[in-house]
Amino acid sequence: MFLEYYCPFKVRIVMSVVPYKDKQDPKKAQVAEMFNNISPKYDLLNHVLSMGIDIVWRKKAIKLLKKDQPKLILDIATGTGDFAIEALALNPDKIIGVDISEGMLAEGRKKMKKRKLDHIIDLQLGDSEGLLFEDNKFDAVIVSFGVRNFENLEKGLSDMYRVLKPGGKAVILEFSKPRSFPMKQAYAFYSNTILPQVGKIVSKDNSAYTYLPESVQAFPDGEDFLAVLKKVGFTSNVCKSLTFGISSIYVGVK
C-alpha cells in the first residue's frame, strides 16, 4: 500500500510499512498488537536505546506550550504516559491520554497510580484517527513518537485539528532522518543493526524494533510533514530539528 503526500512544490510517495509483514491485518491492528507485545519492556527499552535523550526531547517539546498555559490537554498515542507526565510542568487542570494499545495503557495506569497522578492524568483506549471527543474541546494536543504509526496520516492530523480549540496548538515530537555526514551514516548503522538486535533480545518481539527504523524512513519528515499540517488546516507551522536531525518538534496552530 502506498500513501501519497502532496506539497506545493513536489509529490512525495511513501511506502506504508507494517510491523508484521507475514500478516494481512491492517497497519492499525498490527501496531496495536506490536505495542501490546512489547509493553512490559517498553519504558526500559525506550530510555536505554535512546540513552535517555528522549526525556530531554520531551521536555523541550513541552516548553513550547509554556506561554500558552493550556488547562485541558490531549496526549495522542500516549503509550505509558511519559509525555503526559512531562506536560504536568504546564500546570494543567486535566490531561487525557488515548492509545490503541491496552497493554501500553495498563502499564501507564500502574505508573499513574504509583505516582498518585491518576486524578489528573486519565488514560483511555481510543483510536487516534477517530477521536471520541467533541469539536473544539482541547487547549492543546500533544503527540510523541506516535503520528508515524498512523494508518492514515491526514485523517489522524485532521481529527487532531478538529478537537483543538481555535487558537490551540498541536505539538508533535517525532523521529526524523539525519541528512549530514557523519550522523546520517552513524544513525543508519545504529538503527538498522544495533537497535533491532537489542530490542529483539529484551522485548522478545522479532519485528518491533525492525519496524521502528523502517517506519522512520517511510515518514514524511521536515518540510514534507509541515506541508501535510498545512493541508489539514494548521497554520503558523514550524519544525525544530533536534540532536543533528534524529528527531524533530513540529508546532501547528488552529
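Biologist: Where is the place of Asn136?
Modeller: Asn136 sits in the loop between β5 (121-125) and β6 (138-144). Keep in mind that this is a predicted model.

Biologist: What is phi of Asn136 near?
Modeller: Phi of Asn136 is near 55°, which is a positive value in a residue other than glycine. Most residues other than glycine have a negative phi.

Biologist: And does Asn136 count as buried, exposed or partly exposed?
Modeller: Asn136 counts as partly exposed, because its relative accessibility is 39% and that class runs between 20% and 50%.

Biologist: Which other residue has a positive phi although it is not a glycine?
Modeller: Met51 has one, at about 55°. Met51 lies in the loop between α1 and α2.

Biologist: Is Met51 buried or exposed?
Modeller: Met51 is exposed, as its relative accessible area is 74% and the cut-off for exposed is over 50%.

Biologist: While we are on the backbone, where is the cis peptide bond?
Modeller: The cis bond joins Phe181 and Pro182, and its omega is about 5°. Most peptide bonds are trans. Pro182 belongs to the loop between β7 (164-175) and α6.

Biologist: Change of topic, helices. At what angle do α1 and α4 pack?
Modeller: Helix α1 covers residues 27-49 and helix α4 covers residues 102-114. They pack at an angle of about 30°, and their axes are 7 Å apart. α1 is therefore roughly parallel to α4, since angles under 35 degrees count that way.

Biologist: Which residues in α1 and α4 meet?
Modeller: From α1 there are Phe35, Asn36, Ser39, Pro40, Tyr42 and Asp43. From α4 there are Glu102, Gly103, Met104, Glu107 and Lys111.

Biologist: What is the contact of α1 with α4 by class?
Modeller: The contact has four nonpolar, three polar and four charged residues.

Biologist: What does Asp82 touch?
Modeller: Asp82 touches Asp43, His47, Arg58 and Lys111, if residues up to four places away in sequence are not counted. Asp43 and Lys111 are also among the residues where α1 and α4 meet.

Biologist: Which helix does Asp82 lie in, and does Asp82 count as buried or exposed?
Modeller: Asp82 lies in helix α3, residues 82-86. Asp82 counts as buried because its relative accessibility is 15%, and buried means under 20%.

Biologist: How do the residues of the pocket lining divide?
Modeller: The pocket lining has 21 nonpolar, five polar and two charged residues.

Biologist: Last topic, strands. Where is Ile96 found, and is Ile96 buried or exposed?
Modeller: Ile96 is in strand β4, residues 94-99. Ile96 is buried, because its relative accessible area is 9% and the cut-off is under 20%.

Biologist: Which residues is Ile96 in contact with?
Modeller: Leaving aside neighbours within four places in sequence, Ile96 is in contact with Ile73, Leu74, Asp75, Asp122, Gln124, Phe133 and Phe138. Asp75 is 21 residues away along the chain, and its C-alpha atom is separated from that of Ile96 by 6.1 Å.

Biologist: What about Lys230, buried or exposed?
Modeller: Lys230 is exposed, with a relative accessible area of 58%. Lys230 is found in helix α8, residues 223-232.

Methods. Residues are numbered from 1 along each chain as its sequence is written. This is a predicted model: local features need pLDDT of at least 70, side-chain atom pairs count only at pLDDT 80 or more; totals for chains, interfaces and linings use all residues. Side-chain values use heavy atoms; hydrogens and water are left out. Axes are lines fitted to C-alpha atoms, for helices over the stretch in contact, and angles run from 0 to 180 degrees between N-to-C directions. Helices (H or I, at least four residues) and strands (E, at least two) are DSSP runs, numbered from the N terminus. Angles under 35 degrees count as roughly parallel, over 145 as roughly antiparallel, 65 to 115 as roughly perpendicular and the rest as oblique. Contact means heavy atoms within 4.5 Å. Ala, Val, Leu, Ile, Met, Phe, Trp, Tyr, Cys and Pro count as nonpolar, Asp, Glu, Lys and Arg as charged, and the others, Gly among them, as polar. Buried means under 20% relative accessible area, exposed over 50%, partly exposed in between (1.4 Å probe, protein chains only).
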